[in-house]
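Morning, everyone. Let me put the structure up, and then I'll walk through it.

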Amino acid sequence: MLRMIQHAGRWFFHRADALFNQVFGDRLNPLYYLGAITYWLLWVVVATGLYLYIFFRTGIEEAYSSVEYLTVQQWWLGGVMRSVHRYASDALVLAMLLHLTRHFVFDNYRSFRWFSWITGVMLIWLTYASGINGYMLPWDKLAQFVVIATAEWFDWLPAFGGTLIRNFIAEGAVNDRLWSLLSFIHIGLPLALLAVLWIHTQRVAGAHTVPPWPIAIGTTVALIALALVRPVTSQGGPADLSAAITTIDLDWFYLPAYALLYRWSPAELWWLIGGGTLLFLAAPWLPPRRRSTAGFHVLVHPDNRIIPVREGEHLLEAALREGMPVPFECRNGGCGMCKGTLLYGSVDYGLYQDSALPAEERATGKLLLCCATPLTDLEIEYVPTGMPGNVPVRVFTARVAKMARLAHDVMQLTLKVQGDQVPSFYAGQYINIFLPDGEKRSFSFATAPHQRDHIELQIRLVPGGRFTTRVFNEMKEGDTLQFEGPLGSFFLREDSSKPIIFVAGATGFAPVKSMVEHAFYTGMKRRMYLYWGARRLHDLYLADLPRQWAREHDNFVFVPVLSEPAPEDRWGGRTGLVHQAILADFPDLSEHQIYACGSVAMVETAHPAFVAHGMSEHDCFSDAFKLAPQLRAKSAEMVRLGGAP
Amino acid sequence: MNAPARYFVQGLLYAAFVAAVGYFSSAPAYQHLKPDQALVRLSFSHGAQRKQPCRERTPEELAKLAPNMRAPTVCPRERAAVTVELEMDGKLLYRIIAPPSGLAKDGASTVYRRLAVEAGRHDFRARLSDNARGEFNYSAQRTVEVATGRVLLIDFNAAQGGFVFR
Ligand code: HEM
Ligand code: FES
């Protein structure tokens with residue numbers, strides 16, 4: 001049943017979108033900006049309301065006469081303001097209901113969107129409370145009806161016990177204080193509305209809270225035109241409690257419940273509204289549940305980052321949430337701005353306009369990020385609006401200042417960046433070095449970010465590897481090379497207090513060195529354990545350094561682990577696979593953050609074992625593991641596994 | 001669609017939107033009371049008599065109390081329910097038994113009722129009982145001309161001698 005409604009609703013919006021695209025163009029289609037339009041209307045209401053407030057007088061006679069003054073004597077401004085105030089409030093309800101319906105029929109209200117949905121329900125209440133309260137102020141016949149109906153309705157609540165209506169029973173029962181109270185509420189409720197609205201859009205990545213200017217202006221002008229054609233007036237003269245309300249022109253956006261109140265009883269109306277509210281509040285968790293898209297990960301180019309996708313999340317949202325500069329406009333499959341390329345995996349393409357993604361483009365692997373949800377782990381590419389990440393990626397030229405062999409197959413390169421401009425980066429990030437033919441090789445910063453005068457890289461000889469053999473055989477001090485960076489989401493997360501376990505395999509030590517030195521530099525007090533795994537003793541090419549750290553810092557522990565120690569190593573330390581050593585020391589990993597960097601093979605075996613021992617997916621980007629086969633096929637030699645906060 | 005046509009249709013759509021807003025903002029009219037009707041509102045808040053009268057404490061009872069607590073009379077706080085009957089032209093229009101409010105049932109009983117009646121001249125009789133025996137100890141009778149769309153308020157105030165018609 002619900003599915004059918006949603007299906008019909010989707011069909012309807014899809015058609016309407018297409019039609020509106022023809023008329024407004026796909027970038028300025030108001031149907032793509034319903035939330036933002038609602039927001040805009042609220043600002044219109046606030047602005048006009050402030051003007052009315054200047055002239056409004058609180059008092060039995062003054063309330064009515066001051067509004068009459070605005071409407072009649074000052075019709076050219078005050079009257080227009082009053083009319084726009086009213087009509088914008090009405091339009092707000094209409095836009096809000098459309099906005100809500102749209103999110104409902106497209107099923108964009110479950111899982112993580114519950115937050116916007118629940119705050120949305122609060123917005124409905126606040127909107128109605130503000131609007132109904134507003135109708136009490138001019139103290140005309142409609143105000144009389146609304147005040148009395150409200151009292152009659154609320155009196156059913158045990159808290160009032162039927163005594164509220166006594167305040168409005170006859171002339172003389174009402175006094176001037178009432179308007180002080182009512183207008184006080186009429187400031188307070190919209191303020192609360194704005195506050196909740198701020199929260200409402202808080203977690204929506206890249207939310208449009210202002211519509212494009214042509215839409216904002218179009219709506220406002222249309223409302224002003226309406227105000228001039230059909231000015232709002234007070235109804236039936238001042239309120240008179242000795243006269244009954246017979247026929248009244250009701251605002252059906254705000255007051256339909258008040259008509260129902262007299263068909264039904266107050267109790268029935270309370271049950272309807274209370275029950276409806278509860279149903280709305282529960283909706284994100286009610287059936288029909290859809291196929292879960294949770295837990296997939298996406299390798300995103302050109303950022304070269306691996307990001308998780310939450311249940312029900314479109315790729316665009318996931319990327320925006322991670323701060324990636326993906327271009328977008330309509331977010332509803334209308335404009336084609338968010339087009340990307342699917343390199344690996346399969347997606348649900350979602351519902352979009354054919355004009356935004358023609359079938360032949362889709363056949364060549366294009367997809368709309370704002371509509372697509374993953375069906376497997378993915379690899380995608382997009383064209384960024386700016387540079388990825390918080391730190392801009394740039395291309396740098398550097399001179400090889402020093403080369404030192406740390407082991408028979410590990411070279412330490414010290415780079416001086418041209419213009420002494422070491423890029424700002426996060427400890428753990430990496431750079432891509434360009435090869436003459438434009439191919440790239442990734443290496444982690446081995447220096448900490450505060451080290452401003454040079455960059456250190458630790459490069460292991462890959463037999464047959466084009467770049468690394470060149471480093472070992474041809475490169476000499478004074479050579480120049482080009483690189484881009486900084487890159488990667490594998491960096492030390494400083495907003496957690498959990499102890500950290502670093503797992504390094506071979507030259508996976510380089511980013512760990514950067515992170516640990518950064519931690520010492522910033523005075524981080526979290527406990528840190530470094531497990532460095534290698535085959536033979538000479539593979540631990542810088543083992544003296546972590547030993548020294550351990551001597552100098554109480555919160556640092558170093559555990560070297562050799563998998564195949566030779567007799568001449570005379571190894572008395574831990575042996576075996578590095579992750580087994582960790583599991584032996586930490587049977588429960590749930591209270592630790594783990595950063596692992598090493599070969600694909602190491603990371604692939606370690607991950608399931610860590611998860612089995614309680615490692616939370618939040619404390620580790622497990623995506624590197626799932627995508628490992630993919631990565632292996634590519635040139636990546638190191639897999640980085642970073643902790644999220 | 002060429003550009004002028006698009007702007008024209010945009011204008012039409014905006015106009016349709018505000019037309020819907022403008023229309024439902026004050027139409028269709030809602031009929032709250034039929035044209036030939038008037039409204040009787042029965043409303044009052046009245047504290048009924050105590051269920052039990054005050055009584056003197058016996059000397060033995062007094063002796064048991066602490067010296068500063070020796071009030072000679074005790075008054076149970078619970079009030080009786082208020083029963084009201086309103087007749088119009090000899091027919092019972094409304095009847096209610098309103099219990100006292102408050103946890104200790106010692107508060108006032110509150111009654112509110114809106115009754116739409118045919119406009120014209122009517123003969124009203126109201127009776128009220130505020131004692132535990134349920135005997136109607138207040139009553140009033142009025143013949144009132146209620147014009148269409150007017151309100152006849154029937155209040156009750158014991159200090160003013162009972163029912164008040166306004
Ligand atoms: C004063 C009324 C409201 C205003 C001004 C407003 C505004 C917005 C805005 C600007 C957005 C972000 C962009 C968009 O999706 O349009 C949004 C998102 C959303 N709103 Fe509202 N809204 C209002 C009422 C409601 C109501 C009543 C509901 C539902 C009960 C609701 C549910 C949602 C949902 C589910 C989202 C999407 C969150 C996401 O995509 O992660 N809103 N709203
Ligand atoms: S943002 Fe417009 S189609 Fe995706």
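I'll start with one residue. A:Val309 is buried, at a relative accessible area of 4%. Buried here means under 20% relative accessible area, exposed means over 50%, and partly exposed is in between, with a 1.4 Å probe and protein chains only. A:Val309 sits in strand S3 of chain A, residues 305-309.

Quick ground rules. This is a predicted model, where local features need pLDDT of at least 70 and side-chain atom pairs count only at pLDDT 80 or more, while totals for chains, interfaces and linings use all residues. Residues are numbered from 1 along each chain as its sequence is written, chains are lettered from A and ligands numbered from 1 in the order written, and side-chain values use heavy atoms, without hydrogens or water. Helices (H or I, at least four residues) and strands (E, at least two) are DSSP runs, numbered from the N terminus.

Next, helix H10 of chain A, residues 266-282. H10(A) has 17 residues and reaches 24 Å from first C-alpha to last, close to the 24 Å expected at 1.5 Å a residue. That expected span is 1.5 Å times one less than the number of residues. Which residues of H10(A) are buried? They are A:Ala267, A:Leu269, A:Trp270 and A:Thr277. These cover an arc of only 165 degrees around the axis, so they lie on the same side of H10(A). The arc is taken over directions from the helix axis to the C-beta atoms. The face turned away from that side carries exposed A:Trp271 and A:Leu279. The buried residues pack against H5 (114-136), H6 (141-154) and H9 (256-261) of chain A.

Now the interface. In chain A, 47 residues are in contact with 36 residues of chain B. Contact means heavy atoms within 4.5 Å. The area buried between the two chains is about 3600 Å², with carbon and sulfur atoms giving 63%. That is accessible area (1.4 Å probe) lost on putting two parts together, summed over both. On the chain A side, A:Val23, A:Arg166 and A:Trp252 lose the most area to chain B, together 16% of what that side buries.

Last, charges. How many salt bridges are there between chain A and chain B? Three. The rule is a side-chain nitrogen of Lys or Arg within 4 Å of a carboxyl oxygen of Asp or Glu. A:Glu152 forms a salt bridge with B:Arg114, closest N and O atoms 3.9 Å apart.
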